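Have a look at the sequence and the model, then work through each solution with us.

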Number of protein chains: 2
Amino acid sequence: MSNRIITVSREFGSGGRELGKRLAEAMEIPYYDKEIIAAIADRSGLALSYVEQNIGKGFQPYPIHYGRTFSLYGVGQDNQTKMLIAQQQILQELAEKGDCLIVGRCADMVLEEYNPFSIFVYASLESKMKRCREKAFPGENLTDRELKKKISQVDSGRMQYRRLLSDKKWGDKEAYSLCVNTSNMTIKNLIPSLSSYADCWFKEKQQ
Amino acid sequence: MSNRIITVSREFGSGGRELGKRLAEAMEIPYYDKEIIAAIADRSGLALSYVEQNIGKGFQPYPIHYGRTFSLYGVGQDNQTKMLIAQQQILQELAEKGDCLIVGRCADMVLEEYNPFSIFVYASLESKMKRCREKAFPGENLTDRELKKKISQVDSGRMQYRRLLSDKKWGDKEAYSLCVNTSNMTIKNLIPSLSSYADCWFKEKQQ
């Protein structure tokens with residue numbers, strides 16, 4: 001049986017990270033997210049905070065076609081390339097090593113050849129704003145307008161990041177195995193059925 | 001507890017009708033699909049075959065905003081309007097009467113005010129072609145090109161039909177509670193987890 005690889009892409013405020021963590025726990029699959037940033041920093045020799053802030057940003061010199069070969073090698077060894085190469089290697093090592101669930105990082109594209117169970121998590125703007133407010137740091141009092149702008153900026157960054165690696169558009173349902181609308185849902189209540197759906201998906205994949 | 005209303009929209013060849021039927025059976029919810037056509041024929045006084053072939057086709061005289069009021073009344077009492085009004089009434093009566101699962105008919109839009117659990121079923125073109133070939137009538141030997149054209153035409157009709165009733169685009173994930181990619185999946189194996197997901201969704205809705 002091949003490794004169970006799950007990727008979670010998500011809109012900001014949709015509860016996607018929580019969904020990923022809980023699903024990994026329920027399925028007893030190792031969960032990776034920010035650990036990957038640390039490993040990228042380690043491998044690229046760049047500072048953790050630098051990697052955190054810069055990976056995947058403001059870098060689109062050439063259209064890059066991503067597939068079984070990794071064409072970034074030809075683009076030039078600046079820091080962005082270093083980080084993306086390190087990330088590619090780390091994600092592939094994780095996928096080779098065993099089961100894994102990865103939130104973000106365009107993992108569904110980077111690991112496309114492993115045919116992951118790929119989830120996209122989304123919600124209505126209203127619901128995302130509510131979730132953001134519930135999870136805000138104490139003292140973070142964004143106006144509705146500021147919060148909407150933040151949500152749109154984060155998602156637009158994710159969209160651009162994906163464009164680095166794929167010609168499939170971020171959030172287009174065709175690219176995902178399952179798209180989950182979490183509007184007004186309590187994430188943890190969705191986990192048993194999502195876990196059972198994923199089990200079923202992996203069984204079908206084996207056949 | 002309010003009635004459990006489930007709507008299934010689907011790409012041609014994605015197995016959406018089978019999914020709807022099986023899900024209704026598993027959840028013990030009455031399933032309606034072609035029965036609705038018969039009721040429309042009955043109520044509008046038009047022939048069944050006429051209704052089957054014409055409902056929702058070639059009719060877009062005005063942009064229609066669909067909501068709690070039904071604005072088609074103002075458009076003119078031609079046959080298309082008669083059929084759509086009958087359909088609207090029948091779907092609403094079903095939703096008032098009790099639990100129901102409806103495949104197609106833009107039921108997610110017509111019944112929007114009931115806040116249905118709305119599923120969109122889709123698949124890769126390759127997978128849809130395979131499914132169509134498995135279900136083809138004996139002697140129906142379409143070439144790949146003909147089959148692709150058929151799939152695209154049926155879906156384009158569904159898209160236009162939806163435009164009659166809503167400004168939300170057919171197939172855009174935002175309009176649905178859950179979008180299920182059935183590529184290479186055996187529909188019946190997905191039912192237990194989908195049924196459990198729907199149960200959970202209805203429980204959350206009650207709160």
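**Exercise 1.** How many salt bridges does the structure hold over all chains?

*Solution.* Start with the criterion: a salt bridge is a side-chain nitrogen of Lys or Arg within 4 Å of a carboxyl oxygen of Asp or Glu. Over all chains, the structure holds 26 of them. Keep in mind that this is a predicted model, where local features need pLDDT of at least 70 and side-chain atom pairs count only at pLDDT 80 or more, while totals for chains, interfaces and linings use all residues. Residues are numbered from 1 along each chain as its sequence is written, chains are lettered from A in the order in which they are written, and side-chain values use heavy atoms, leaving out hydrogens and water.

**Exercise 2.** Is B:Lys173 buried or exposed?

*Solution.* Apply the cut-offs: buried is under 20% relative accessible area, exposed over 50%, partly exposed in between (1.4 Å probe, protein chains only). At 8%, B:Lys173 is buried. Its salt-bridge partner B:Glu174, 2.9 Å away between the closest N and O atoms, is partly exposed at 46%.
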